[in-house]
Amino acid sequence: MDAITFRLAEPDDLDEIVTLSEGIYQGHDSLPLMFHKWLRTNNMAVILAQSSDNKLIGLIAYFIVDDRQTFVRRFERIHQDLRGQGLVRKFREYARNHAKPQTRTIYVYKRQCEFTERAQLFPEDIILFNWVPFERLRSNIDHILEDCNELFAEDCVDDSIPRSISFGTYLPTEKFLDWRTAIYSDDPTLFEAHLLHQLNRACEFIKSDFVFVCFHDKRWTELTKKVIEEQLQLNIHHHYVGQGKMYLYEKEFTR
């Protein structure tokens, strides 16, 4: 591979990025539709990689969270003819070095978390939002609320602290419309109420076919399946097993 040059993306790069992303995630790719918004986001960078003849060969995007303590990779793209050649390591190294002046300490590149059974609203003080785990910091809350369409908690009396909360976000992708929710609760009744309310809000907000993605503690998986299959009468269309479990349900609705 000839020498690679890197530069920050610009608005006019969108068409090339769309071409680079063709076929990614079978139509569930949100990058082309989020591109211009990300260019305007202060704590985010979209970096392009070009060959010696100035052709786009790849892309990597990252953002800085946790009071400028953490560097998180969001998207990576490699030209289909160049995959498997170790280029992603070069992209990641460049992005890491590019982020260093903006962070006090880079100690995490891409994080995954698994909810525990500790009785608190945010296990391990981590908020999982749109596939990204955030520490429970005010700066992160502000960032989350910029992208969040709906935020719900149960009615509380006497200024008591909520025992449940859920985030709902509308996210269009290349071929589909997504509604992504994260639900936090130690109570099964409250969890079920949030699940149904988020589904209802998705229907009201989108008013069309959509994909509903729910992040929750693994202890609520069976309850979620019961609500989806028995109460809502949805049928399993696909069962994906990767790093975790994902069930895809499908139902035809009469309008």
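Two strands pair if DSSP finds at least two bridges between them. Strands themselves are DSSP runs (E, at least two residues), helices are runs of H or I with at least four, and both are numbered from the N terminus. Keep that in mind for what follows.

First, the ground rules. This is a predicted model, where local features need pLDDT of at least 70 and side-chain atom pairs count only at pLDDT 80 or more, while totals for chains, interfaces and linings use all residues. Residues are numbered from 1 along each chain as its sequence is written, and side-chain values use heavy atoms, with hydrogens and water left out.

Start with Ser166. Which residue of strand 9 stands opposite Ser166? Ile183 does. Strand 8 (164-172) and strand 9 (177-185) pair in the antiparallel sense, over nine bridges. Now the sheet around them. It is open, has four strands in the order 7-8-9-10, and its pairing is mixed. Strand 7 (150-153) and strand 10 (211-215) have a single partner strand each, so one side of each lacks a neighbour in the sheet. Twist averages 15 degrees from one strand to the next. Angles here run from 0 to 180 degrees between N-to-C directions, and axes are lines fitted to C-alpha atoms, for helices over the stretch in contact.

Helix 5 packs on this sheet. It touches strands 7, 8, 9 and 10, and its direction makes about 160 degrees with that of strand 9. Contact means heavy atoms within 4.5 Å.

Next, helix against helix. Helix 5 (188-206) and helix 6 (221-231) pack at about 50 degrees, axes 10 Å apart. That makes helix 5 oblique to helix 6. The cut-offs: under 35 degrees is roughly parallel, over 145 roughly antiparallel, 65 to 115 roughly perpendicular, and the rest oblique. Helix 5 contributes Pro188, Phe191, Glu192, Leu195, Leu196 and Leu199 to the contact; helix 6 contributes Leu223, Thr224, Val227, Ile228 and Gln231.

Strand 3 (56-65) and strand 4 pair in the antiparallel sense over eight bridges. Gly58 has Ile78 of strand 4 as its bridge partner.

Last, charges. A salt bridge is a side-chain nitrogen of Lys or Arg within 4 Å of a carboxyl oxygen of Asp or Glu. How many salt bridges does that rule give? The count is 13. Glu76 and Arg92 form a salt bridge at 2.6 Å, N to O. Glu76 lies in strand 4 and Arg92 in helix 3 (87-99), so the pair ties together parts 16 residues apart in sequence.
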